[in-house]
Amino acid sequence: MRLDPIDERIAARRAEIIAGLRAAAPDCRVIDSDDALSAYDSDALSIVRQKPLCAVLPGDTAEVAAVLAYCHREGVNVVPRGAGTSLSGGSTPRGDAILLGLSRLNRILDIDIANRCIVTQPGVTNLSLTRAVEGQGFFYAPDPSSQSACSIGGNVAENSGGLHCLKYGLTTNNILGVECVLVDGTVMRLGGKHLDPGGLDLLGVLTGSEGMMAIVTEVTVRIVPRPPVQRALLMLFASIEAAGQCVADVIAGGITPAAMELMDRASVAAIEAHCAPGYGDAAAVLIAELDGTRAEVDAMALRMTAIATGAGALSVRESRDEAERQKLWLGRKIAFAAIGRKARDMICMDGTIPRKRLPAVLAEINRMAAHYRLGVANVFHAGDGNLHPLILFDAMKDDELARAEAFGADILKLCVAEGGVLSGEHGIGLEKRDLMPVMFSESGLMQQQRLRCAFDAEARLNPGKVFPELHACAELGRVHVREGRFRFPHLPRM
Amino acid sequence: MERFLPERAEKAAEMVAAALHQNLPLALAGAGTKAALGRPVVADAMLSSARMNRILLHEPEELVLTVEAGALLSEVNELLAKRRQMLAFEPHEMAPLLGTSGEATLGGIVAASCHGSRRFRAGGVRDHLLGFKAVNGFGEIIEGGGRVMKNVSGFDVSKLVAGSFGTLCFLTELTFRVWPVAEAEETLAISGLPDRKALEILRGIAGEPMDASGLAHLTSGASSGLSHVPDLGSGPLTLIRLEGAREAVSENAAALLLRFKALAPRRLGREVSARLWGAISALEPFAILAGAVWRLSAPPGAMQAAVSAIGPLAAIYDGAGGFCSLLVEEGLDGEAELIHETMKVHGGHATLLRANETLRGRINVFPPLESPNLMLTKRVKAAFDPRGIFNPGRMYEGV
Ligand SMILES: Cc1cc2nc3c(=O)[nH]c(=O)nc-3n(C[C@H](O)[C@H](O)[C@H](O)COP(=O)(O)OP(=O)(O)OC[C@H]3O[C@@H](n4cnc5c(N)ncnc54)[C@H](O)[C@@H]3O)c2cc1C
């Protein structure tokens, strides 16, 4: 995992570019001191660091547009940044690019209960959206574990998920519209306060485009009525296989819990040592959340207990009150931090597999861990097959970083081989960029890049992310007409 | 028009290459049931997926289904029903409404983004299409997405393909997530409510945490087309569908009955309910009536005002007012501009679902786009189909 060599011609123009930006957007904050830029030299993938040319913090859409128009005219690269919590290096800065920070666009613009939506600027944190409407009995459903820090703009760019996306969907299923600025400074709207944007679904493809298609300057999110009852179910199993079978049976049985999380023994041990949620000792701990009306939750809890028992659960326990529910979830929520304390460094992988492959994939991951001589702990969003193996290492020790990266790549290749994908929620970014050919054919990858060309013909927005190789748009757009065996008979050439 | 029916994606790719070589525009189709949807396409040949009709994979425990694009909806529904599963976005036949013949294919359903009443709750085609394979306008076989629900690997091209009306690529294979059929289903029907009052009630319920999966209101002009469904009464008809665990559905139904006691609600059991919502999704009441049909999307709170400004012959509100289908007199060009303009003012948009070919050639079938959006749409089209050989002009001029 490394940054490409930077374009020295751009880096050499640093002073001129900073002055140019200040002239183009006089009210925009431009940070250029070396000290201050240290705060902006990486995102949450902190093993890759580089200071940007400068950091630019616009205060409104017009300033975003002015900055982009300047960069477009002057051939300067732009790396967008929300809160910088990307785990895949989505917002890793570059020395030949300005870092465009959206954190000052931090106001909620409109809370529209009648139409069940919120209009917000992109720098607002995910959690603030729920906070803004919970008094009226609503919430914003996608809830990444980073929700108190990450921005809604970053969520749109990454199509982020969370514990509850099993029932409520990812970001893309929960937004209605955006205002965005194209690379040349053109401001446009996609969607609105209604479902289905009309015409081609450009909103759908912008969501999850990792800052490579446009800068999101406003988002309209759907809000959902908060279910009156939430209950957690704690299930212990003697093996991952049994827990995996339970997950499959629950889903196939027509139950959609709000969340369903699985932890292996290594994870549970680390969590117990950290905050003692009282999971008990078992090879696999499964926590499910049921939500809805009381009748619904009672009914589902009954069915789920039966299924778990049938799958060989050692014990099944329902949370009796809100405090107990919170306590059960706390352990899961601090899992990364708890496991992270066991090693100097940690990387969090993020593949998705078909649910039923879970036991086999886990066994293989543990085998790989032995091969690479590294520790690994596993937490899964089991309900949707999203794995988060946490690889533990010490970057200061001999070749541990290289081994950890190779281990991580092997895990993701395994996910793809099992019918899954490279990333379930963290995005490709810099981290998984070079693995894209494992999942996509050459033409499939080219098609994605052509799509990017439609938005950004010079690849100025977040260059070097997602795609392993840079192709010029002119080359990508060329049609190679070949004379094949097939011809349309009777039809003249026009 | 000559029809070409490849049986494999490779063959389809060869045909597209030949079309590129001969500079031939192609009409793309499944079974052609939606040929009368969109702007008229002028093409010499048709590329159809009708012979690519196999169901490739159904893993009930994974909730996943992969089919070739020409697979018939009826066959897929039958297969899923055996395992008590379904495509939750309620795809349906459109031939009766559009006056075409044949049975819908999944490819056509995806391309036309054909979804029904559960859309507002469960999502539409875009939300259930996990991945696809297709031939692009370069003659290459491309793929997008995957077969798992949670996937952010690369751009989400599936979203773009859903609802692209064959203007971007020729779909060959589709992977969907499927849902279990709810354990219980019941519908409450209330007759005689004025539109405004009915929509207020439906919006209120949409904001409550009971799993209402259908919230519709039909004006009398529309409800009269449902006379074949028993127990509906006459006049404007307001419908609330509940789905979920048995205990939850009966509890919620009981609560609603009590709340709306004064309005004399009736309970419709599973069978009638299923027939009824099938008919609503497919806009059956409009199939037997003459006139142009529009589909509107708007903020739910604004829909009723928008519709009354348009003044249709009949209206079917769905999704608690987030959607509405209108029947209007056909043949009035000015009507189209009025509808588009009205929807814009109310923060939504309109798409023409049914009208004669002359009209569809003259007016904006799809929502008119602001200039930057149109330019971007054209660039996106060119990124898939640079020579413009797929369904030229089906959505917009040049797209
Ligand atoms: C402890 C921890 C837990 C996490 N848990 C989860 C989880 O449960 N689920 C999950 O999905 N993710 C999770 N993440 C990952 C991360 O929080 C998400 O990807 C989040 O959406 C990133 O938001 P951000 O504001 O920090 O974006 P950044 O990291 O700043 O940027 C992310 C990407 O978005 C682009 N971008 C940011 N803002 C904009 C904008 N306004 N317009 C255009 N492009 C923009 C950037 O260029 C970059 O490509 C976790 C991260 C951490 C550190």
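**Chain contact and ligand shell**

Modeller: In this predicted model, chain A and chain B bury about 8,100 Å² between them, and 59% of that area is on carbon and sulfur atoms. The contact involves 101 residues of chain A and 90 residues of chain B. On the chain A side, A:Leu200, A:Phe486 and A:Phe488 supply 10% of the area buried against chain B, more than any other three residues.

Now the ligand. Around the ligand there are 33 residues, of which A:Pro80, A:Gly82, A:Thr85, A:Ser146 and A:Ser151 come nearest. By class, this shell has 17 polar, 12 nonpolar and four charged residues.

A polar backbone atom of A:Pro80 is 2.6 Å from an oxygen atom of the ligand. For A:Ser86, a backbone N or O atom lies 2.7 Å from a ligand oxygen. At A:Glu210, a polar backbone atom is 3.2 Å from an oxygen atom of the ligand. On its own the ligand has 970 Å² of accessible area, and the protein covers 93% of it.

As for secondary structure, β3 (77–81), α6 (152–158) and β10 (215–222) of chain A are the elements that give two or more residues to the shell. The most comes from α6(A), with five residues. In terms of domains, domain 1 (8–101) and domain 2 (108–225) of chain A each provide at least three residues of the shell around the ligand.

Methods. Residues numbered from 1 in each chain as written. Chains lettered and ligands numbered in written order. Predicted model: local features only at pLDDT ≥ 70, side-chain atom pairs only at ≥ 80, totals over all residues. Heavy atoms only, no water. Near = heavy atom within 4 Å. Polar contact = N/O pair within 3.5 Å; in protein donor to acceptor, adjacent residues only side chain to side chain. Areas by Shrake-Rupley, 256 points an atom, 1.4 Å probe, with all protein chains shown as cover. Helix = DSSP H or I, 4+ residues; strand = E, 2+ residues; numbered from the N terminus. Nonpolar A, V, L, I, M, F, W, Y, C, P; charged D, E, K, R; others polar. Domains from an automatic or database assignment. Contact = heavy atoms within 4.5 Å. Buried area = accessible area lost by both parts, 1.4 Å probe.
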